[in-house]
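Colleague: Please take me through how the chains meet in this model. I would like a close look at one helix pair.

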Amino acid sequence: MNPLTGYLLVAALLFAIGLAGALTRRNAILVLIGIELMLNAANLNLIAFWRYGPHPQALTGQPDPLTGMMFAIFSIAVAAAEAAVGLGLVIQIHRHAHTTDLDAMNRMKG
Amino acid sequence: MSIVFYVIAALSVAGALAAVLLKNTVHCALALTVAFAGLALMFLELDAQFAGFAQILIYIGAVAILVVFAILLTRGSETPKDTVYSRNWIVGLVTAAAIFAMLGWAVLRSAPALPHESAAPSVTVMDIGNALMGRYVLPLEIVALLLTAALIGAVIVAMHEKESAK
Amino acid sequence: MIEKADQIFVILAHWLVSFLPAWLQQPAMVLLGVVAIIVTFPALFAITVLLERKGLGRMQNRYGPNRVGPYGIFQPVADGLKSLTKEDIVPLSADAVVHFLAPVLLVVVVFMGYAVLPIGRNMTLVNMDAGLLFFFAIGASSELSVFMAGWSSRNKYSLLGAMRAVAQMISYEVPLLMSSVAVVMITGSLSLGKIVDAQNQYTYGLPHWYIFTPWGFAGFILFAVAATAETNRSPFDLPEGESELVAGYFTEYSGFKFALFFLGEYVGMLGISGLGTTLFLGGYSAPLQVLGFVPSWIWFFSKIMLSMCVFIWVRGTLPRLRQDQLMNFAWKFVLPLSLLNLIVAGIWRFMGDGWLRWVACSTILLLAYTVMARVGMKREHFGPRSYRYAE
């Protein structure tokens, strides 16, 4: 088995676990935890392809050898920003509705 | 496939499973930290040193602590009245299983066509710095703007409103 | 002869490893390095604890411990025996797994930071290209153990102490990184070995240490302030202040776990002073070129112990900061100054050699300090004193 296949399967598994967590838990924060796991799985995918992908020096007219790693670094930064804003929203919702249970928030009227 | 890869992969998957299955929310957050650490080790195994250390610094050093603070501020560590899973949890599980099956099938079917270079691209931190200031300067500035907006936005969203403190 | 004394540990390690078969030699070298770190720095911790108790005692006009051995030098042995034999009490409602793992995580994380410090010439355990980033990443992970300790004890005092400690550590982490980024900018590398090499040159016998430049001096002071706050040391030790919070986040720990927390805190202090030494004080390089015959590792350890003495001195002198004063100080004073320091370091680099850049950089920094510290920080104005001291 290709080493790249192993990493891609692990990334797919982490993505599925994160998705299951985001879809099945009641607490809003655990949904955000699931989203973070999904973003991390995507980063693992990027880095795995960066490592095992074709070397750009061998081909002409190809992007530079850093594209995968740069993408992953920017993705980490954006995920951190999104986690901060998402958790701020969860805190404010808790202040308003006194609960973080997503099943209890089924009305649009505040 | 070396033994190191299997150990690190098992650690990450175990951490992720614990993060979505445990009942106590703070335990979930700590298991998420273990999953992040496992992922950072996988980045290091893939010779992406800068990405691995950035993962530890940002995710474990900041995002995990943020999640834990949010759990404490929303009283998430108290035991819930009902179960911790939502009413129609089976839908979520089936969806996730279907997506994993599809992704796994796609990866395994395309295994012969996947690239497999044996040598890692040699990237030093100086190359990353030059790239960030050269070719990727526009994404860098946009991410800086995004982070500033997120910072101001998070502070405003989570701030105490004075008139609602009655 | 001088090089032999300088490289004595490296020569010793190579000699010991040469008895093993060839395929085992590389792991054995690494293992020897790890064992050396695990033996040396707790020994320094024991010396530091004794130094602190005697030093604080003298500053408070009393003797320190002086019963156990001549001048109390066997006090760390007595402390160690006490903490090993004390009963390990875990509260009934505490979260047992997290309660157990918190000191373990702290000690592991703190010892991992030593892997990239250049302790002497050719004496770095792992020579990494991004060594400074590794140290900061590992240091950021220690905040999680503080939180785990406070939360798992199910004790309101512990939780309050842990929240305050984590808030303080996060706030001061940004100035810590910013003052180090100025050094990285001037050196052009994140590798700690290259940073020490850049400072290891001499002009007219005086070294090129970064602390002797305006931006380096300001950076060193900001780094020292941020390091004191990162390790929860007085005057930033509200999370563990005995008069406020019993013992803060390690209230419910006794016996060996408390000793592990104590060890972790002091070894963390030694580690971050090691980093400050590497970044600003020239690492293992000698102060004057004529003193180059002294082995490099002796200079490193002397500089670390000097930093510990300064830590102890500051603890005995300054009063404790309140939590809001502490956060105010971090976000409104230290962080803007460290950003300005970064700009001044850039100006220094691009102005070219000469006396003009010394004048320009010093003026900017002094002006900023005066405006922000003397004018900008809000002072409370007290009326005339209305109480009397007890006669």
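Modeller: Chain A and chain C do not touch. Their nearest C-alpha atoms are 14 Å apart. Contact here needs C-beta atoms, placed from the backbone, within 7 Å. This is a predicted model: local features need pLDDT of at least 70, side-chain atom pairs count only at pLDDT 80 or more, and totals for chains, interfaces and linings use all residues. Residues are numbered from 1 along each chain as its sequence is written, while chains are lettered from A and ligands numbered from 1 in the order in which they are written.

Two pairs of chains are in contact, and chains A and B share the most contacts. Now the helix pair. Helices are DSSP runs (H or I, at least four residues), numbered from the N terminus.

α3(A) contributes residues including A:F74, A:V78, A:G88 and A:Q92. Among those from α6(B) are B:P139, B:L146 and B:V157. By class, this contact has 14 nonpolar, three polar and no charged residues. Ala, Val, Leu, Ile, Met, Phe, Trp, Tyr, Cys and Pro count as nonpolar, Asp, Glu, Lys and Arg as charged, and the others, Gly among them, as polar.

Conventions. Helices (H or I, at least four residues) and strands (E, at least two) are DSSP runs, numbered from the N terminus.
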